[in-house]
Amino acid sequence: MDPAGGLEGVRDAGQRRVQRGGRASGRGRRGGRHGLLDGPGTDGLGAGPRPVLAAARRARADPRPPGRGKRALAALLARVPEGAADPDGLFRQAVGPLGLAPPDGGFANLWEAVWHLLAESVPRAGALPLAEFAVRLAAAADEGPAPDPGLGHGLREWARAYRARFDDPGGGPGRAPDLGWSPVLVEINRSGGGRNALLVEVYAYRDGSRRLVDAATVTGERQLREWVLDRVDAAFGDLDDRGRALVAFALPRNWLHKPVDQWVRRKGIEPPLGCVSPVVVMDRLRRRNPRLQWTLRQMWETLDGRRSSPVHRIECGRAPRPDKLSVQLQDVYGPVGFARPPDPARSATEPHGAALNAPSPIVLWPHTGCTGAACDGGCRGSGFLDELAHWLADLAPGELPGHVLKLRKEAFMYDESGPHWAAGLTLVWEDPRRFPAVAPPDRSPLS
């Protein structure tokens with residue numbers, strides 16, 4: 001039995017279940033008889049080779065995990081205060097909507113949920129729900145009434161070591177199409193826990209799959225900023241060294257104007273995030289729409305072959321009605337530039353939302369710009385679009401995040417009178433192929 005992989009010996013069992021009066025049996029590739037499913041006199045274990053079933057029964061009688069890795073996890077679980085975490089909720093979050101179902105009646109404790117993951121799934125790169133469970137448990141322990149300072153850290157380090165066993169340093173046949181980006185994803189959403197409460201999750205992508213770095217409920221933007229910057233730094237420990245870092249924020253639509261690229265821990269001492277790594281934003285509403293995600297994937301198949309990015313301009317006060325603008329932009333395979341930022345109070349009717357609904361894969365605007373609804377041009381926003389068009393002319397769409405990093409550095413170092421034209425530039429850049437959904441775990445033949 002693999003110390004960190006659960007009941008992996010069942011991988012090669014190759015058995016076929018045959019239901020016979022509440023019992024089941026089968027034969028493996030070498031003719032070995034498999035055990036019983038359930039029925040009179042059985043203990044409810046799934047069909048599998050008899051040695052594996054015997055090991056599973058022993059584990060039920062003495063649920064101490066075999067192997068150093070699982071013993072360490074069991075020791076960490078023993079430190080979690082009773083009632084500090086909901087095992088059913090953590091299990092569902094760990095396996096995702098397409099994963100395993102908890103047993104009828106749920107789990108009596110955390111270890112039952114862990115053992116269910118060990119016995120009912122086969123770990124593989126990109127589908128390691130046990131690591132996800134450990135990280136989410138760490139977040140719950142940190143937020144408990146009597147947090148143990150070392151418990152959350154220990155659970156996260158256990159998850160990182162467990163995942164490292166499945167990392168493929170040379171890539172593999174299941175690796176996602178790669179343009180050289182190693183993304184860190186920050187998802188922020190409103191929480192029902194209070195007016196200023198926010199649900200935040202940070203993920204690192206590796207080998208075409210994402211792994212949870214940390215999750216928490218935070219209150220207030222200052223706490224949010226500090227928490228996110230710390231976890232983004234930690235996420236780099238899970239990135240593939242062969243790629244280029246990309247930090248993406250998935251935000252509510254009325255948060256897309258937030259200057260997340262300018263977030264910094266100590267202003268005047270440390271550089272802002274957008275001068276350290278390429279920073280892009282994405283619309284959470286659009287990311288949850290399968291039709292728009294499918295359309296974006298199709299658009300990027302075309303954009304991959306382009307070596308320039310002509311900008312489609314939306315001037316001040318001249319945008320058509322949102323529904324008509326969305327139809328107009330459906331045929332625009334490239335950047336859409338706005339002369340002014342969106343108004344968060346009017347996110348439902350703003351032309352920026354129409355571009356997101358089209359869907360436009362690349363959208364840019366300044367943090368400040370012309371505020372006149374009836375402007376006829378010649379304003380600061382129009383000047384921004386002129387500079388933007390010149391800058392984008394010879395840049396490939398798929399490489400824009402890296403070029404924006406250089407541009408933000410240039411704007412940050414600009415010392416002449418008046419702000420740099422790109423100061424406060426927002427880049428919405430969404431290629432769904434770079435941010436695939438979590439793969440469901442494989443079912444164990446024992447289950």
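This section describes the nonpolar cores, the aromatic pairs and the setting of one histidine in a predicted model.

In soluble globular proteins, nonpolar side chains tend to be buried together. Here the largest nonpolar core comprises 70 residues. Phe133, Leu137 and Trp429 make the most contacts inside this core. Helix H5 (residues 129–142) supplies the largest share, 9 residues. A second, separate core holds 41 residues, among them Val247, Leu273, Val336 and Ala358. Beyond its neighbours up to four places away in sequence, Leu137 touches Leu77, Val80, Ala85, Leu90, Leu110 and Leu155.

The structure contains 9 aromatic pairs. One of them, Phe91 with Phe107, is tilted, at 5.0 Å centre to centre and 55 degrees between the planes. Phe91 lies in helix H3 (residues 87–95) and Phe107 in the loop between H3 and helix H4 (110–120), so the pair ties together parts 16 residues apart in sequence. Both Phe91 and Phe107 are buried. The ring planes of Trp158 and Tyr162 meet at 10 degrees with centres 5.0 Å apart, so this pair is stacked. Trp158 and Tyr162 sit in helix H6 (residues 149–164), 4 residues apart, or about one turn of the helix. Trp158 is buried at 11% relative accessibility, and Tyr162 is buried at 6%. Ring pairs also join Trp181, Trp300 and Trp429 into a cluster.

The charged end of Arg210 lies over the ring of Tyr203, 3.9 Å from its centre. That of Lys258 lies over the ring of Trp255, 4.9 Å from its centre.

His352 belongs to helix H11 (residues 351–357). His352 is buried, with a relative accessible area of 4%. A polar atom of the His352 side chain lies 2.8 Å from the backbone oxygen of Arg340.

Conventions
Residues are numbered from 1 along each chain as its sequence is written. This is a predicted model: local features need pLDDT of at least 70, side-chain atom pairs count only at pLDDT 80 or more; totals for chains, interfaces and linings use all residues. Side-chain values use heavy atoms; hydrogens and water are left out. Helices (H or I, at least four residues) and strands (E, at least two) are DSSP runs, numbered from the N terminus. Buried means under 20% relative accessible area, exposed over 50%, partly exposed in between (1.4 Å probe, protein chains only). A polar contact is a pair of N or O atoms within 3.5 Å; within protein, one must be able to donate a hydrogen and the other to accept it, and residues adjacent in sequence count only if both atoms are side-chain atoms. A nonpolar core is a set of buried Ala, Val, Leu, Ile, Met, Phe, Trp, Tyr and Cys residues joined through side-chain atoms within 4.5 Å. Contact means heavy atoms within 4.5 Å. Rings of Phe, Tyr and Trp (its six-membered ring) pair if their centres lie within 6.5 Å; planes under 30 degrees apart count as stacked, over 60 as edge-to-face and the rest as tilted. A charge sits over a ring if NZ of Lys or CZ of Arg is within 6 Å of the ring centre and within 35 degrees of the ring normal.
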